[in-house]
Amino acid sequence: MSEVDIVVVDDPASVVADMLASAARDGGHIVLTGGSTPARAYELAAERQPDWSRTQLWWGDERCVPPDDEHSNYGMAKRTLLDGLAAQPTAVHRMRGELGRDAGAEEYDRELGELARFDLLLLGLGPDGHIASLYPERRVIGAEAKLDPYVDRITLTLPMLRAAHAIVFLVAGAEKADAAMRAFTGEPTRSTPGSLVRAVSGTTTAVLDRAAAARIS
């Protein structure tokens with residue numbers, strides 16, 4: 001299993017944008033994440049590589065809301081990435097959060113079909129080290145509302161995340177410093193889900209700004 005390559009820079013969104021643009025040029029299956037941190041990375045990636053026609057897009061998790069809701073991970077990616085592209089991906093596999101956590105998870109599992117491995121998986125990291133509600137027996141599950149915004153969610157599970165060829169964490173902000181230390185330099189533990197996500201056969205990279213990396217020695 002891979003170790004984490006920790007990259008500390010002033011502008012992590014720019015570094016991750018380059019990774020996304022390169023992955024789009026290479027083609028393949030790319031998994032996007034939600035939240036506020038990756039929005040700028042998506043905007044920059046669309047500028048640096050406007051042709052994503054060789055890719056298929058997936059999501060690591062989604063809130064159980066309609067796609068036009070302000071909390072939708074897909075909606076954020078559409079506004080910041082997809083709407084800025086000259087050539088769209090061959091397929092955009094959004095999680096249908098509006099179906100509810102259980103029906104939406106079942107549908108996404110069918111959507112995955114025989115796909116066993118993603119080419120690039122982008123993840124964030126919560127202040128508590130949260131990645132997702134990870135259970136090994138399924139590839140996609142419904143998760144109860146436990147984080148702000150307090151809506152149910154759909155999420156990929158640990159085995160599917162760890163199967164990716166390249167896992168990239170994008171982490172910014174001083175409020176993430178403790179979680180980053182535990183996720184990237186501590187012992188693997190379910191109390192910090194981020195510490196469990198490592199590529200089984202591939203690379204794992206954490207791109208952090210200096211505030212998020214303040215407690216990493």
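## The second largest pocket

In this predicted model, the second largest pocket is lined by M1, S2, E3, V4, R162, F184, G186, P188, S195, L196 and R198. The space in the second largest pocket is about 190 Å³.

What classes of residue make up the lining of the second largest pocket? There are 5 nonpolar, 3 polar and 3 charged residues.

## Helices α1 and α2

Helix α1 covers residues 12–26, and helix α2 covers residues 39–48. The two pack at an angle of about 45°. Their axes lie 8 Å apart. The pair is therefore oblique, α1 to α2. The crossing of α1 past α2 is right-handed.

Which residues make the contact? From α1 come A13, S14, V16, A17, D18, L20, A21 and R25. From α2 come R40, A41, Y42, L44, A45 and R48. By class, the contact of α1 with α2 holds 9 nonpolar, 1 polar and 4 charged residues.

## Helices α2 and α3

α2 also packs with helix α3, residues 73–80. The axes of α2 and α3 come within 8 Å and cross at roughly 40°. α2 passes α3 in a crossing that is right-handed.

On the α2 side, the contact is made by A39, Y42, E43 and A46. On the α3 side, M76, A77 and T80 take part. The contact of α2 with α3 has 5 nonpolar, 1 polar and 1 charged residues.

Technical notes
Residues numbered from 1 in each chain as written. Predicted model: local features only at pLDDT ≥ 70, side-chain atom pairs only at ≥ 80, totals over all residues. Heavy atoms only, no water. 1 Å grid on protein atoms, 1.4 Å probe; cavity = no way out; pocket = protein on both sides within 12 Å on 5 of 7 lines; lining within 4 Å. Points joined across faces, edges and corners; volume = space filled by probe spheres on them. Nonpolar A, V, L, I, M, F, W, Y, C, P; charged D, E, K, R; others polar. Axes fitted to C-alpha atoms, helices over the stretch in contact; angles between N-to-C directions. Helix = DSSP H or I, 4+ residues; strand = E, 2+ residues; numbered from the N terminus. Parallel < 35°, antiparallel > 145°, perpendicular 65-115°, else oblique. Left-handed = near helix turned anticlockwise from the far one by under 90°. Contact = heavy atoms within 4.5 Å.
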